[in-house]
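The tour below goes from one selection to the next.

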Amino acid sequence: MIMGMSFGRGVLFHDRNVLACAEVKDGVIHMWAEKITLKTIGKLWYRIFFSFPWYYQLFHLLLAGYVLAAIVKPDWAIIDPMWVAVYIAGFHFVFPKKMKKFHGAEHKVFSYGGKKSLAALKEIQRADIVNDGCSTNLVVWFFTGFILSVFFLLLEWSVACGVAGMLVGMLGDRYVRKYFGFLYKLSAFFQKYSTTKEPERLHLETAIRSYMLFEHIREVDRLQNAS
């Protein structure tokens, strides 16, 4: 199963074995691919965290400091630190603008049914920006559980209900789509108008190159295993 992920500088695609990434540095697209190891995962999350604009990083540092201070000295807490968990769950809605464009490019690459290539860039640009398997689905499931319980339960239990909702969306996806289709329509609405933006050529080319690299590496692995 091929999965994609966007961050502030680029797009990556991966399966259980290999990860391919294309990222923009000073206007130039750089590509790399690696077998998935703990080192690769660390490299990935390093890029994700440090690709945010400085004010996002400062805000997140302050949030982390606040949570730590609230744990050490609960009397210092002005608001319940569990709200930070709610913020993290809803982070899709506050993606930086560039990240939303890379996210849109990732979706369009997935939506395009033909061979992913730079020659097909115009066709990929016209592809649907809504992705049926987007993680926005899980965000919607979280807030469904959270909102339905927050007015009746303590905040930590409401967050637990949100997490339970996410687990339902993850583990029961094949079944819940049949009975809760309206939630996926809501996710599609958010994808189209909130969690993605229409990508420019640079974002599309980055996503396409990432996918092409992923396919190349996977084909090389297949041929090596067959020989």
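**Before starting**

This is a predicted model, in which local features need pLDDT of at least 70 and side-chain atom pairs count only at pLDDT 80 or more, while totals for chains, interfaces and linings use all residues. Residues are numbered from 1 along each chain as its sequence is written, and side-chain values use heavy atoms, with hydrogens and water left out.

**The sheet**

Select strands S1 (residues 3–7) and S2 (residues 10–14), which run antiparallel and are joined by 5 bridges. Strands here are DSSP runs of E with at least two residues, helices are runs of H or I with at least four, and both are numbered from the N terminus. Two strands pair if DSSP finds at least two bridges between them. The link from S1 to S2 is a hairpin of 2 residues. To see one of the bridges, pick Gly4, whose partner in S2 is Phe13.

With S4 shown, the open sheet has 4 strands in the order S1-S2-S3-S4, paired antiparallel. S1 and S4 (28–35) are the edges; each has a single partner strand, so one side of each has no neighbour in the sheet. Neighbouring strands are turned by 15 degrees against each other on average, direction ignored. Axes are lines fitted to C-alpha atoms, for helices over the stretch in contact, and angles run from 0 to 180 degrees between N-to-C directions.

**Helices on the sheet**

Show helix H1 (residues 38–50), which packs on the sheet and touches S1, S2, S3 and S4, its direction making about 150 degrees with that of S4. Contact means heavy atoms within 4.5 Å. Then show H10, which lies across S2, S3 and S4 and runs at about 150 degrees to S3.

**The cores**

Which residues of the largest nonpolar core touch the most other members? They are Phe13, Val109 and Ile124, out of 19 residues. A nonpolar core is a set of buried Ala, Val, Leu, Ile, Met, Phe, Trp, Tyr and Cys residues joined through side-chain atoms within 4.5 Å. Buried means under 20% relative accessible area, exposed over 50%, and partly exposed in between, with a 1.4 Å probe and protein chains only.

At least two residues of this core come from each of S2, S3 (18–25), H4 (97–111), H5 (121–125) and H10 (201–226). H10 gives the largest share, 6 residues. Another core lies apart from it, with 12 residues, among them Leu12, Trp32, Leu44 and Ile48.

Centre the view on Ile124. Leaving aside neighbours within four places in sequence, its contacts are Lys108, Val109, Tyr112, Lys116, Ser117, Leu204 and Ile208.

**Rings and charges**

The structure holds 25 aromatic pairs. Rings of Phe, Tyr and Trp (its six-membered ring) pair if their centres lie within 6.5 Å; planes under 30 degrees apart count as stacked, over 60 as edge-to-face and the rest as tilted.

Select Tyr46 and Phe50, a tilted pair at 4.8 Å centre to centre with 40 degrees between the planes. Both lie in helix H1, 4 residues apart, about one turn of the helix. Phe50 is partly exposed, at 47% relative accessibility.

Phe180 and Phe182 form another tilted pair, with 6.3 Å between centres and 55 degrees between planes. Phe180 is partly exposed at 34% relative accessibility, and Phe182 is exposed at 54%.

For a cluster linked by ring pairs, select Phe52, Trp54, Tyr55, Tyr56, Phe59, Tyr87, Phe91 and Phe95.

Now look at two lysines. The charged end of Lys43 sits over the ring of Trp32, 4.1 Å from its centre; that of Lys116 sits over the ring of Tyr211, 5.4 Å from the centre. The criterion is NZ of Lys or CZ of Arg within 6 Å of the ring centre and within 35 degrees of the ring normal.

Select helix H9 (residues 181–195), whose buried residues are Leu183, Tyr184, Ser187, Gln191, Ser194 and Thr195. These pack against H4, H6 (136–150), H7 (155–171) and H8 (173–179). Ser194 is buried at 17% relative accessibility. Not counting residues up to four places away in sequence, Ser194 touches Phe93, Lys100 and Phe189.

End at Trp83, in helix H3 (residues 82–89). At 41% relative accessibility, Trp83 is partly exposed. Beyond neighbours within four places in sequence, Trp83 is in contact with Phe146 and Leu155.
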